[in-house]
Amino acid sequence: MKLPFMKDAPFKVPYTTANIVGMLVNRLSGFLEGLPSNRPIVIVCIGTDRSTGDALGPLIGTSLLKYRSPNFHLYGTLEDPVHAMNLEDTLIDINRKFDKPFIIGIDACLGQVASVGCIQIGEGPVRPGAGVNKDLPPVGDIHVTGIVNVGGFMEYFVLQNTRLHLVMRMSDVIATSLFTAIANHMHISSSVRDQTAAADLT
């Protein structure tokens with residue numbers, strides 16, 4: 001059951017939490033609810049495979065690519081990453097190709113020791129590069145971030161020395177949750193459309 005206040009409340013939960021996928025799907029579904037079925041959903045996975053910690057986004061993108069889903073458009077994989085050098089051009093390309101896209105921004109981030117391994121979902125854009133003092137354009141109508149390591153000191157070094165096991169486990173959880181939430185949303189939208197069409201015929 002989705003409570004009405006849930007969408008606005010901050011959401012941060014460790015990836016090891018029991019039924020984590022169900023929790024993430026529920027939260028994502030709250031943001032997708034009411035979204036017109038013809039509004040394109042675009043997922044932008046930000047990061048690079050040249051740094052273990054920063055590979056969270058491309059790993060999620062690569063996992064989502066395997067589903068070959070027609071329900072969303074995907075940018076940012078291990079093979080074709082979206083990073084600081086091409087982010088602005090990517091966003092221009094997205095807005096040129098799609099009419100009013102609903103963008104989900106995904107990125108790794110740094111945080112406090114107690115928050116490492118937590119997944120966050122929130123309204124509004126992700127701000128890539130903020131943890132390493134880069135000035136990059138914000139991305140997303142909503143954002144999903146994974147806290148991969150501790151911030152506040154030698155951020156580039158910390159990202160490069162992040163455990164791959166943690167990043168891969170988090171990427172699996174996020175990719176599964178995103179695919180499931182969007183597939184459910186499209187199924188519900190399709191059912192509503194069918195019911196409306198049937199009602200129009202009576």
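Buried means under 20% relative accessible area, exposed over 50% and partly exposed in between, with a 1.4 Å probe and protein chains only. The model shown is predicted: local features need pLDDT of at least 70, side-chain atom pairs count only at pLDDT 80 or more, and totals for chains, interfaces and linings use all residues. Residues are numbered from 1 along each chain as its sequence is written, and side-chain values use heavy atoms, with hydrogens and water left out.

**View 1. Pro70 in the loop between α2 and β3.** Pro70 is found in the loop that runs between α2 and β3 (73–75). Helices (H or I, at least four residues) and strands (E, at least two) are DSSP runs, numbered from the N terminus. Pro70 counts as exposed because its relative accessibility is 75%.

**View 2. The whole chain.** The protein comes to five helices and six strands, in the order β-α-β-α-β-α-β-β-β-α-α along the sequence. Of its 202 residues, 46% count as buried. The accessible surface is about 10,800 Å², and carbon and sulfur atoms hold 54% of that area; accessible areas come from the Shrake-Rupley method with a 1.4 Å probe, and for residues only the protein chains shown count as cover. Among contacts with a separation of 6 or more, 71% join residues 24 or more positions apart, where contact means heavy atoms within 4.5 Å.

**View 3. Helix α2.** Eight of the ten residues of α2 (residues 56–65) are buried, so this helix is largely enclosed by the rest of the structure. The buried residues are Leu56, Gly57, Pro58, Leu59, Ile60, Gly61, Ser63 and Leu64.

**View 4. The nonpolar cores.** A nonpolar core is a set of buried Ala, Val, Leu, Ile, Met, Phe, Trp, Tyr and Cys residues joined through side-chain atoms within 4.5 Å. The largest has 41 residues, and Ile60 and Ile104 have the most contacts inside it. Helix α5 (residues 164–201) supplies the largest share of this core, ten residues. Another core lies apart from it, with twelve residues, including Ile46, Tyr75, Leu87 and Leu91. Leaving aside residues up to four places away in sequence, Ile104 touches Ile41, Val42, Ile43, Val44, Ile142, Val144, Leu178 and Ile182.

**View 5. Cysteines.** The structure holds zero disulfides, a disulfide being a pair of cysteine sulfur atoms within 2.5 Å. For Cys109, which is in no disulfide, the nearest cysteine sulfur is that of Cys118, 9.6 Å away. Cys45 is buried, with a relative accessible area of 0%.

**View 6. The salt bridge between Asp141 and Arg39.** A salt bridge is a side-chain nitrogen of Lys or Arg within 4 Å of a carboxyl oxygen of Asp or Glu, and the structure holds two. In one of them the side chains of Asp141 and Arg39 meet at 4.0 Å, N to O. Asp141 lies in the loop between β5 (118–123) and β6 (142–150) and Arg39 in the loop between α1 (20–32) and β2 (41–45), so the pair ties together parts 102 residues apart in sequence. Asp141 is partly exposed at 31% relative accessibility, and Arg39 is partly exposed at 25%.

View 7. The side chains of Lys97 and Asp93 meet in a salt bridge of 3.5 Å, N to O. Both residues lie in α3 (residues 87–97), four residues apart, about one turn of the helix. Lys97 is exposed at 56% relative accessibility, whereas Asp93 is partly exposed at 22%.

**View 8. A nonpolar surface patch.** Phe153, Met154 and Phe157 make a nonpolar surface patch of about 350 Å². Patches are made of residues with over 30% relative accessible area and no salt bridge; like charges are joined within 9 Å, and nonpolar side chains (Val, Leu, Ile, Met, Phe, Trp, Tyr) within 5 Å. Phe153 lies in the loop between β6 and α4 (155–160) and is exposed at 58% relative accessibility.

View 9. Most residues other than glycine have a negative phi. Asn19, in the loop between β1 (11–14) and α1, has a positive phi near 55 degrees. Lys100, in the loop between α3 and β4 (102–111), has a positive phi near 50 degrees. Asn19 is exposed with a relative accessible area of 57%, and Lys100 is exposed at 64% relative accessibility.
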